[in-house]
Structure formats: C-alpha cells, structure tokens
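My notes follow in the order of looking.

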Amino acid sequence: QVQLVDTGGGLVQAGDSLRLSCAASGRAFSRNAMGWFRQAPGKEREFVAAITSNSAATFYADSVKGRFTISRDNAKNTVSLQMSSLKAEDTAVYYCAAKGDGGSHYRLSSYIYWGQGTQVTVSS
C-alpha cells in the first residue's frame, strides 16, 4: 500500500521557479505510475503531469508543457515536479497521486492514492 505526503508549495512571483516533492511510504511504490493534479478555487481538479513506474515515459498537460518537469527517484521513494516560468494561472492546490493498474494516465479516476495537497500561489 502507498501513503503520500506532498510538500514544497509557497508564494512566489510570476516568472519564478518552485519545486514540489512527494514522499511515498510503502513497498509497492516502484510499481505505480505517479501523477500531479491541481485544483484552483471554483474549478475542477485537472491533470498536470504523470510519469510511468520506470520513468520510461512522461505525460504533460498542454498548459504546462515546456515549463514543468516531472521526475522520480524510486530508490528514495520520491516524485518531484519542477515548475519554472510560473504564471498567475498556475495558482492552485497541487496534489501528488499514485496510479492503479489500467486506465489513462490523464484521468483523475485512474489514481487510487492521494497526498493532502500543497498550496502554490503565483502573484503578478
């Protein structure tokens, strides 16, 4: 089983960079694809990025492609989201999630374990 704790959020200015981290506990971590989702006030939770269990492939929302990078270190049981060139529209609560077997990497319903969320606020 997998338990997730996501950290690293904060208040930054537009154009700045920020790195989010997710620490996982559980022996099955390396078997799960991992993803990041975000939810802005009044909006539905949306897909941001995902990475396969062995880092063979990554997936990004069009809105963050070229600015965000997802990575993982299975030896340390961590997954990260490096965010650069941040915009005001990136402001949201960001959630780390572990994916189950089957289903699209882009769909919220494919993920079965979730972190508590960390707030990212970008001022302009």
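Entry 1, aromatic pairs. This is a predicted model. I counted ring pairs and got six aromatic pairs. I looked at one of them, F37 with Y111, which is edge-to-face, with 5.0 Å from centre to centre and 75 degrees between the planes.

Is F37 buried or exposed? I read 1% relative accessibility for F37, and because the limit for buried is under 20%, I noted F37 as buried. Y111 has 5% relative accessibility and therefore counts as buried by that limit.

I followed the ring pairs onward. They link F37, F47, F59, Y106, Y111 and W114 into a cluster.

Over which rings does the charged end of R45 sit? I found the charged end of R45 over the ring of Y95, 3.8 Å from the centre of that ring. The charged end of R45 also sits over the ring of W114, here 5.0 Å from the centre. W114 is one of the rings in the cluster noted above.

I searched for disulfides and the count came to one. C22 and C96 form this disulfide, and I noted 2.3 Å between their sulfur atoms. The torsion about the S-S bond is about -80 degrees, so I recorded the disulfide of C22 and C96 as left-handed. C22 lies in strand β3 (residues 18-25) and C96 in strand β9 (residues 92-99), so the pair ties together parts that are 74 residues apart in sequence. I checked the accessibility of both cysteines: C22 and C96 are buried.

I counted secondary structure and found zero helices and 11 strands in the protein chain. The radius of gyration is 13 Å, close to the 14 Å from the globule rule for 124 residues, so I noted the protein chain as being as compact as a globular protein of that length. The C-alpha atoms fill a box of roughly 40 × 25 × 25 Å along the principal axes.

I looked up burial for the protein chain: buried residues make up 42% of the 124 residues. The accessible surface comes to about 6,400 Å², and 46% of it belongs to carbon and sulfur atoms. Of the contacts with a separation of 6 or more, I noted that 57% come from residues 24 or more positions apart.

Notes: Residues are numbered from 1 along each chain as its sequence is written. This is a predicted model: local features need pLDDT of at least 70, side-chain atom pairs count only at pLDDT 80 or more; totals for chains, interfaces and linings use all residues. Side-chain values use heavy atoms; hydrogens and water are left out. Rings of Phe, Tyr and Trp (its six-membered ring) pair if their centres lie within 6.5 Å; planes under 30 degrees apart count as stacked, over 60 as edge-to-face and the rest as tilted. Buried means under 20% relative accessible area, exposed over 50%, partly exposed in between (1.4 Å probe, protein chains only). A charge sits over a ring if NZ of Lys or CZ of Arg is within 6 Å of the ring centre and within 35 degrees of the ring normal. A disulfide is a pair of cysteine sulfur atoms within 2.5 Å. Helices (H or I, at least four residues) and strands (E, at least two) are DSSP runs, numbered from the N terminus. The radius of gyration is taken over C-alpha atoms; the globule rule is 2.2 Å times the number of residues to the power 0.38. Contact means heavy atoms within 4.5 Å. Accessible areas come from the Shrake-Rupley method with a 1.4 Å probe; for residues, only the protein chains shown count as cover.
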